[in-house]
Amino acid sequence: MSEPADRIPDLRADLIAAGLTVDALTELWGPEAADALHRGQRVPAERALARREPSALATLARLFVLGRPVARADADAALPSLGVAGAASLGLVAVDADTVRAAVDLRPYGFVDAAGPAEWWIASDLGELALGHPLPEDHVLGVGGASLTLSGLMLQKPVESALDLGTGCGIQAMHAARHARRVVATDISERALRLAALNLALNEIDGVELRLGSMFEPVAGERFDHIVSNPPFVITPRTEGVPAYEYRDGGMIGDGLVASFVSGCGEHLTPGGVAQLLGNWEYRGTGDGLERVRDWVDASPAPLDAWVIERDVEDAVRYAETWIRDGGTRPGTPEFERLLDAWLADFETRDVRSVGFGYLLLRRAEGVPTLRRFERLHGSLGANEAGLGVHLGEALAAHDLQAALMDDELGRLHPVTSGDVTEERHLWPGADAPTAILLRQGGGFGRAVSADTGLAALVGACDGELSVAAIVAALAHLLEVDEDALRADLLPAVRGLLVDGFLRA
């Protein structure tokens, strides 16, 4: 007798035959309905489906994406190779007489990375919309906002080995498999690992080993070139009666889970290996949350380069409201108020005023760490078609390049201004000289750098033909200033512009 997993190729064949793709779904119910689905509203999509002719695509969309029951005969017709019985054996559906209900959410997921565009199908647990009630504590999340953020940040340099810590439905391990020859993916949830195994097989992705366990326990004594993690970093009260969701609540007090990851990751990185994760950090009393992260890095037993970017800060009340709603508890209900009280009481014990969210990039230094960057980048990003990971990889390489060069060596570089850089000049009406000059990048983090006349002129002259030293010498003559003083002023700025991607060596 064949195992249920043997039927996964049949499922794949049926999804291909039905044309279950991102573009096909958008065409099926329209872009407005697709946007409404992202906001948790399925009525527009259902109304659009009602106007469509029956099809395998419409049946699968109604069943697995909208979470609505369908007739068994329609489900069998939409899954001609697998059939309803095969879908039930895989745990995809539940059958009630002549009606079939989805037991999982199954939908297409498209993306673009350095290797180009690709599309997968991702199975996860049914969301609150389909369930009609708050999520169970063992819920396995699908591709959400945090998943998209981390996959977009992921470095894409080819490596021998990668670790996805807390893999959930397996999405980060699948992304890592596009640049790592071997991937280990861990989770504390057996159900998560079963869904991850299904997704790997469904999308024909090899080279990923799944292991059960918490944090770094399943990989004790092993090292990896790349570690990625969307860990359960949400700061949740460890109080009786407060749900602890496996996908988001790590079971430690406050921001202890992220601190523990920072402390432990260095021992599991090869020299030069990089760990990337999302995280929260607490602002306690008058203290600075980013400084807490700096302290964690400095206390690491292994030497770590660090680049930490805070993307947002929420006050304690808003933070609690966000995650209570995330679990499916509605504002205005007695249960919501009870949970909010528990959250605020927990924050009060540590004098937490607000919580920061952001990205951590940690690298096992091969000598003395040279990268210590803790910054706040609240607001919009630049345009990054293949994700921020490409930009981060280029920034790391540029940091290493300039860090290894003395000023004289830096002066011999022939940099080129990046094609996404523009210059803004602000003048008072009638003035000859600008009151402010801004250099902006269109990609990366969409940074804006204030520049004086000398720096703006240097960036404008970087076309690869002249060295930095030659440009500085020409500018000193043109501006009638001391060349050594101008060089001392401009070279540190050149280093920063190289790392941030305004200039390319």
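Which loop holds G168? G168 sits in the stretch between β6 (159-165) and α10 (171-176); helices here are DSSP runs of H or I with at least four residues, strands are E runs of at least two, and both are numbered from the N terminus. The model is a predicted one, in which local features need pLDDT of at least 70, side-chain atom pairs count only at pLDDT 80 or more, and totals for chains, interfaces and linings use all residues. Residues are numbered from 1 along each chain as its sequence is written, and side-chain values use heavy atoms, with hydrogens and water left out.

Despite its place in a loop, G168 is buried, at a relative accessible area of 18%. Buried means under 20% relative accessible area, exposed means over 50%, and partly exposed is in between (1.4 Å probe, protein chains only). Setting aside neighbours within four places in sequence, G168 is in contact (heavy atoms within 4.5 Å) with V140, D187, A192, L193 and A196. As for V140, its C-alpha atom is 6.1 Å from that of G168, although the two are 28 residues apart along the chain.

N199 belongs to helix α11 (residues 190-202), and its relative accessible area is 0%, so N199 counts as buried. Another cysteine, C462, is buried at 4%. What about disulfides? A disulfide is a covalent bond between the sulfur atoms of two cysteines. Here it is taken as a pair of cysteine sulfur atoms within 2.5 Å, and by this rule the count comes to zero.

Helix α9 (residues 145-153) has its own set of buried residues: S147, L150, S151, G152 and L153. The cover over them includes β4 (105-113), α10, β9, β10 (269-284), β12 and α16 (388-403).

Two loop residues have a backbone angle worth a look. Most residues other than glycine have a negative phi. M215, however, has a positive phi near 50°. M215 lies in the loop between β8 (208-212) and β9 (224-229), and is buried because its relative accessibility is 15%. D351 likewise has a positive phi, near 55°, and is found in the loop between α15 (334-349) and β12 (352-364). D351 is partly exposed, at 34% relative accessible area.

Along its principal axes, the C-alpha trace spans about 90 × 50 × 50 Å. Buried residues make up 50% of the 505. Among contacts between residues at least 6 apart in sequence, 70% join residues at least 24 apart. The protein exposes about 22,700 Å², with carbon and sulfur atoms supplying 52% of it (Shrake-Rupley method with a 1.4 Å probe; for residues, only the protein chains shown count as cover).
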